[in-house]
Amino acid sequence: MGKYKVILFDLDGTLSDPKEGITKSVQYALQQMGFEEPELDDLESFIGPPLQVTFGEYGFDEENCKKAINLYRERFKAKGMFENKLYSNIPSLLKSLKELQYKLVVATSKPTVFSIQILKHFNIDHYFELVVGSNLDGTRTSKTEIIQYILDRYNKHKLDNFIMIGDRKHDIIGANNTGIESIGVTYGYGSFEELSNVNPTYIVNSVMELKNMLIGSHRKSEELI
């Protein structure tokens, strides 16, 4: 893995566990639109993909999707974004990668403005050179668009200098569509089956396994120089 220079991290389900804030905000939006979903576990599918996709899969047409997203954001901005917790060992992973001079970037379908606030809340924003998410107007929501935007910003690097790390199939599909390698993480909200079906370059089961893969391979590559 010594060839990698720029590491892209998904946010939800990869850096942090946002289940409480996202599912409660979805629950609130659905309630306001006349739908009762008492079990938060039943709303886990909303973690990761663009909200346009998940509310659409719930059965809403385009107009009602927009209404639901606005209601979701109403609660999410007030409290949902902070009903969130970092996965264990994430700060030490980011610190180690930064010390090894990797360029770290967040690539998320969450709106950029919310993503930056969450990273600052956890005091990990300083590890990242760039945070790229969706726009509040509903544009640039797909992982393919988001990753391509990052590749265009770092256009002095070759494609094999990049790797995308994420917990859902959308992360891996985005990486495949843009020609970069990927690591699927099973400690988030995508199952091993979901991830393996879209052919990531690697799959890991914990943050420590991810750290060992990235840091260990870097040290091995240095030993060969």
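H2 and H3 pack with their axes 9 Å apart, at an angle of about 120°. That angle makes H2 oblique to H3, and the crossing of the two helices is right-handed. From H2, the contact takes in Leu51, Gln52, Phe55 and Gly56, while H3 contributes Cys65, Ala68, Ile69 and Tyr72. By class, the contact of H2 with H3 has six nonpolar residues, two polar ones and no charged ones. The model described here is predicted.

H3, which spans residues 62-78, also packs against H1, residues 19-32. The axes of H1 and H3 come within 8 Å and cross at roughly 130°, which makes H1 oblique to H3. H1 passes H3 in a right-handed crossing. On the H1 side the residues are Gly21, Ile22, Lys24, Ser25, Val26, Tyr28, Ala29 and Gln32, and they meet Ala68, Leu71, Tyr72, Glu74, Arg75 and Phe76 in H3. The residues of this contact divide into eight nonpolar, three polar and three charged. Ala68 and Tyr72 of H3 are in the contact with H2 and also in the contact with H1.

Another helix pair is formed by H6 (residues 143-153) and H7 (residues 169-178), whose axes come within 8 Å and cross at roughly 50°. H6 is therefore oblique to H7, and H6 passes H7 in a right-handed crossing. H6 brings Lys143, Thr144, Ile147, Gln148 and Leu151 to the contact, and H7 brings His170, Asp171, Ile173, Gly174, Ala175, Asn177 and Thr178. Of the residues in the contact of H6 with H7, four are nonpolar, six polar and two charged.

| Helix pair | Axis separation | Crossing angle |
|---|---|---|
| H2 and H3 | 9 Å | about 120° |
| H1 and H3 | within 8 Å | roughly 130° |
| H6 and H7 | within 8 Å | roughly 50° |

The next topic is empty space. Where such space is left is shown by rolling a probe the size of a water molecule over the atoms. The structure holds three cavities of 30 Å³ or more, and the largest cavity has a volume of about 200 Å³. Its lining consists of 18 residues, with Pro49, Leu51, Ser109, Lys110 and Pro111 lying nearest the centre of the cavity. H2 (51-58), H3 and strand E4 (103-111) each supply at least two residues of that lining. H3 gives the most, with four residues. By class, the lining of the largest cavity has ten nonpolar, five polar and three charged residues. Leu51, one of the residues nearest the centre of this cavity, is also one of the H2 residues in the contact with H3.

The largest pocket has a volume of about 180 Å³. Gln52, Glu62, Cys65, Lys66, Ile69, Asn70, Arg73, Leu136, Asp137 and Gly138 line the pocket. H3 gives the most to this lining too, with six residues. The lining of the largest pocket divides into three nonpolar, three polar and four charged residues. Gln52, Cys65 and Ile69 are among the residues that line the pocket, and these residues are also found in the contact between H2 and H3.

Notes: Residues numbered from 1 in each chain as written. Predicted model: local features only at pLDDT ≥ 70, side-chain atom pairs only at ≥ 80, totals over all residues. Heavy atoms only, no water. Axes fitted to C-alpha atoms, helices over the stretch in contact; angles between N-to-C directions. Parallel < 35°, antiparallel > 145°, perpendicular 65-115°, else oblique. Left-handed = near helix turned anticlockwise from the far one by under 90°. Contact = heavy atoms within 4.5 Å. Nonpolar A, V, L, I, M, F, W, Y, C, P; charged D, E, K, R; others polar. 1 Å grid on protein atoms, 1.4 Å probe; cavity = no way out; pocket = protein on both sides within 12 Å on 5 of 7 lines; lining within 4 Å. Points joined across faces, edges and corners; volume = space filled by probe spheres on them.
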